[in-house]
Amino acid sequence: MTNTILITGAAGSAATGIRPLLRQRGHRLVLHDLAPVPDPDPSSERVVTADLLDEDVLGEAVRGADVVVHLGGFSRERPWSDILAINIDGTRAVLDAAVRAGVRRVLLASSTHGFGFWPIKELSTRSGPRPDTYYGVGKIASEALGSLYADRHGLCVVSARIGTVQAEPSGPRQLASWLSFPDFISLIEAAAQLEEPGHRVVWAMSANTRRWLPVTVDPVLGWEPRDDAERYADRFEADAYGFAGGAGDDNGLVGGAFADDDHPMGGIW
């Protein structure tokens, strides 16, 4: 089914990677970002250049969308004021705009960094938040906002705890955390078909052999990833990802380098 999809953070690498495949599948895209969006296709894409907190422009961009894919915000650690203003308040602004426009379906880009201080070997689907950074705190806050707006306003919200979205894994850790572009698109399409209100959480990684958690299929959402990073495993040294059941950095934590002393909380890195 063809959908109109609003993508915030459309100039970022994840959005840039999925746009061609979404176009090939016949979807119409509204691309929102303050930064220039590379190579827009005027036949199927409309670019909206604005800050997330410009409510009038955001409201116009949301109007008529079948689903909002919220990728906007900082993608790494920043000072608290930046995370609060853009990642947290920006998420609130997107959800408010969806409510005002009568758009019921929203996919929020959460992150595994909301759970970054969990040892990989101890992580489970019941693990509570253990953010590794202010960035991780912002992602937990976005999930809480998604839950609130689903309950208050009857939205269908999916919080996708994304590992790493790339065309291919670029390091041994991503043999566990990789989310392929086709699997991400199938998740977006599943979110676009939701009818039952509520907040759903998905560990958004492909069906990787070394995935930190088993694939579980929500019976309402129905998303099931297909790709497996294992086909790229021969690119990396075997002893670099020796954790049982998953790939990781030397500290053995879900957050990897985000949770080490070389990456200070509130720094810019």
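Let's begin with the largest pocket. Its lining has 42 residues, and Ser13, Phe74, Ser75, Arg76 and Tyr135 are the ones nearest its centre. One caution before going on: this is a predicted model. The volume of the largest pocket is about 1100 Å³.

Which elements build that lining? Helix 1 (13–24), strand 2 (28–33), strand 5, helix 4, strand 7 (164–165) and helix 5 (174–177) each give at least two residues to the largest pocket. By class, the lining of the largest pocket has 18 nonpolar residues, 18 polar and six charged.

Stay with two of the residues nearest the centre, Phe74 and Tyr135. Phenylalanine 74 has a charge over its ring. Arginine 78 lies over the face of phenylalanine 74, 4.4 Å from the ring centre. Tyr135 belongs to an aromatic cluster, together with Phe258 and Trp269.

That brings us to the aromatics. How many aromatic pairs does the structure hold? There are five. Take tryptophan 80 and tyrosine 134. Their ring centres are 5.3 Å apart. Their planes stand at 65°, and an angle over 60 degrees counts as edge-to-face, so this pair is edge-to-face.

Where do the two rings sit? Tryptophan 80 is in helix 3 (residues 80–101), and tyrosine 134 is in helix 4 (residues 134–153). The pair therefore ties together parts that lie 54 residues apart in sequence. Buried or exposed? Tryptophan 80 is partly exposed, at a relative accessible area of 35%. Tyrosine 134 is also partly exposed, at 24% relative accessibility.

Next pair: phenylalanine 115 and tryptophan 203. The ring centres are 5.0 Å apart, with the planes at 55°, so this pair is tilted. Phenylalanine 115 comes from the loop between strand 5 (105–111) and helix 4. Tryptophan 203 comes from strand 9 (residues 198–204). Here the pair ties together parts 88 residues apart in sequence. Phenylalanine 115 and tryptophan 203 are both buried.

One more charge over a ring. Arginine 130 lies over the face of tryptophan 118, at 4.9 Å from the ring centre.

How many of its residues are buried? Five of the seven, so strand 9 is mostly covered. Its neighbour is strand 6 (residues 156–162). The two strands run parallel, joined by seven bridges.

What is its volume? About 160 Å³ for the second largest pocket. The lining of the second largest pocket comprises ten nonpolar, two polar and two charged residues.

Now from pockets to cavities. How many cavities of 30 Å³ or more are there? The count comes to one. The largest cavity has a volume of about 50 Å³. Its lining is His70, Leu71, Gly72, Asn87, Thr91, Leu108, Ala109, Lys139 and Ser142. Helix 3, strand 5 and helix 4 each contribute at least two residues to the lining of the largest cavity. By class, the lining of the largest cavity has three nonpolar residues, five polar and one charged. Strand 5 and helix 4 also each supply at least two residues of the lining of the largest pocket.

Two single residues before I stop. The first topic is threonine 133. Threonine 133 sits in the loop between strand 5 and helix 4. Threonine 133 has 3% relative accessibility, and the cut-off for buried is under 20%, so threonine 133 counts as buried. How far is threonine 133 from valine 217, by C-alpha atoms? They are separated by 29 Å, and lie 84 residues apart along the chain.

Then aspartate 39. Where does it lie? Aspartate 39 is in the loop between strand 2 and strand 3 (45–49). Its phi is near 50°, a positive value in a residue other than glycine. Buried or exposed? Aspartate 39 is exposed, with a relative accessible area of 70%.

Key:
Residues are numbered from 1 along each chain as its sequence is written. This is a predicted model: local features need pLDDT of at least 70, side-chain atom pairs count only at pLDDT 80 or more; totals for chains, interfaces and linings use all residues. Side-chain values use heavy atoms; hydrogens and water are left out. Rings of Phe, Tyr and Trp (its six-membered ring) pair if their centres lie within 6.5 Å; planes under 30 degrees apart count as stacked, over 60 as edge-to-face and the rest as tilted. Helices (H or I, at least four residues) and strands (E, at least two) are DSSP runs, numbered from the N terminus. Buried means under 20% relative accessible area, exposed over 50%, partly exposed in between (1.4 Å probe, protein chains only). A charge sits over a ring if NZ of Lys or CZ of Arg is within 6 Å of the ring centre and within 35 degrees of the ring normal. On a 1 Å grid over the protein atoms alone, a cavity is a set of points where a 1.4 Å probe fits but cannot get out, and a pocket is an open set with protein on both sides within 12 Å along at least five of seven lines; lining residues have an atom within 4 Å of a point. Grid points are joined across faces, edges and corners, and a volume is the space filled by probe spheres set on the points. Ala, Val, Leu, Ile, Met, Phe, Trp, Tyr, Cys and Pro count as nonpolar, Asp, Glu, Lys and Arg as charged, and the others, Gly among them, as polar. Two strands pair if DSSP finds at least two bridges between them.
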